[in-house]
Amino acid sequence: MKALSQVGKYGLRAILYLAANPSEGQYMSIRQISDELKLSFHFITKIFRELTAKGILISYRGPSGGVALARPADQIMLIDIIQALEGDDYFDKCLIGLPHCGTAKPCPVHEFWKEIKTKLQKNFSETSLALLGEKIRTQEVRLDD
């Protein structure tokens with residue numbers, strides 16, 4: 001397992017922006033999202049293409065086009081986003097990057113890392129975009145600089 005890649009960081013920030021600014025039945029402009037978060041429009045567009053292909057977003061082209069969540073925000077879990085952007089094996093990787101790390105051939109930090117990533121995976125599986133979107137709207141948490 002590794003820290004989030006640039007794609008993971010930007011993608012998560014952008015989709016959380018969508019969740020924090022729900023627009024019932026409307027698409028949000030990718031330009032608006034990239035401008036608000038001060039992120040590259042082209043990079044966010046590429047990330048959103050991937051999230052659309054994975055069934056997390058829907059997109060619409062044209063003057064009133066943009067992106068929207070493919071399902072209600074309470075049905076999309078944080079783990080769905082992480083795995084879509086970082087890969088399904090994100091929680092299976094060794095902390096220090098050794099291949100085939102496991103119970104049979106553990107690395108020096110395997111045992112405590114296994115506990116930490118299990119808890120992290122559980123928390124990500126139980127945390128919805130709706131919950132995080134509400135937190136962004138009602139508390140002083142941020143998505144930009």
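Leu18 is in contact (heavy atoms within 4.5 Å) with Met28, Ile33, Phe48, Leu57, Val67 and Leu69, when its neighbours within four places in sequence are left aside. The model is a predicted one, in which local features need pLDDT of at least 70 and side-chain atom pairs count only at pLDDT 80 or more, whereas totals for chains, interfaces and linings use all residues. Residues are numbered from 1 along each chain as its sequence is written, and side-chain values use heavy atoms, with hydrogens and water left out.

Leu18 also belongs to the largest nonpolar core, which has 37 residues. A nonpolar core is a set of buried Ala, Val, Leu, Ile, Met, Phe, Trp, Tyr and Cys residues joined through side-chain atoms within 4.5 Å. Buried denotes a relative accessible area under 20%, exposed one over 50%, and partly exposed a value in between (1.4 Å probe, protein chains only). The residues with the most contacts inside this core are Ile15, Leu18, Ile33, Phe48, Leu51 and Leu129. At least two core residues are supplied by each of helix H1 (6-20), helix H2 (30-37), helix H3 (41-53), strand S2 (66-69), helix H4 (78-86) and helix H6. Helices (H or I, at least four residues) and strands (E, at least two) are DSSP runs, numbered from the N terminus. H1 provides the largest share of the core, nine residues. In soluble globular proteins, nonpolar side chains tend to be buried together.

Charged residues were examined next. A salt bridge requires a side-chain nitrogen of Lys or Arg within 4 Å of a carboxyl oxygen of Asp or Glu; by this rule, six salt bridges are counted. One of them joins Arg137 and Glu134, whose closest N and O atoms are 2.7 Å apart. Because Arg137 and Glu134 are three residues apart in helix H6 (residues 129-138), about one helical turn separates them. Arg137 is partly exposed at 41% relative accessibility, and Glu134 is partly exposed at 37%. Another salt bridge links the side chains of Glu50 and Lys54, with an N to O distance of 3.5 Å. Glu50 has a relative accessible area of 36% and Lys54 one of 44%.

Asp80, found in helix H4, pairs with Arg71 in a salt bridge at 3.5 Å, N to O. Asp80 is partly exposed, with a relative accessible area of 26%, and Arg71 is partly exposed at 31%. The side chain of Asp80 also reaches the backbone nitrogen of Met77 at 2.8 Å, a polar contact (a pair of N or O atoms within 3.5 Å; within protein, one must be able to donate a hydrogen and the other to accept it, and residues adjacent in sequence count only if both atoms are side-chain atoms).

Helix H4 also holds Glu86, which is buried at 9% relative accessible area. The side chain of Glu86 makes a polar contact with that of Ser5 at 2.8 Å, and a polar atom of the Glu86 side chain lies 3.5 Å from the backbone nitrogen of Gly8.

Lys117, in helix H5 (residues 110-126), is buried yet has no salt bridge. The nearest side chain of opposite charge (Lys and Arg count as positive, Asp and Glu as negative; His and the chain ends are not counted) is that of Asp92, 5.8 Å away. The side chain of Lys117 does reach the backbone oxygen of Lys93 at 3.4 Å, and one of its polar atoms lies 3.4 Å from the backbone oxygen of Phe91.
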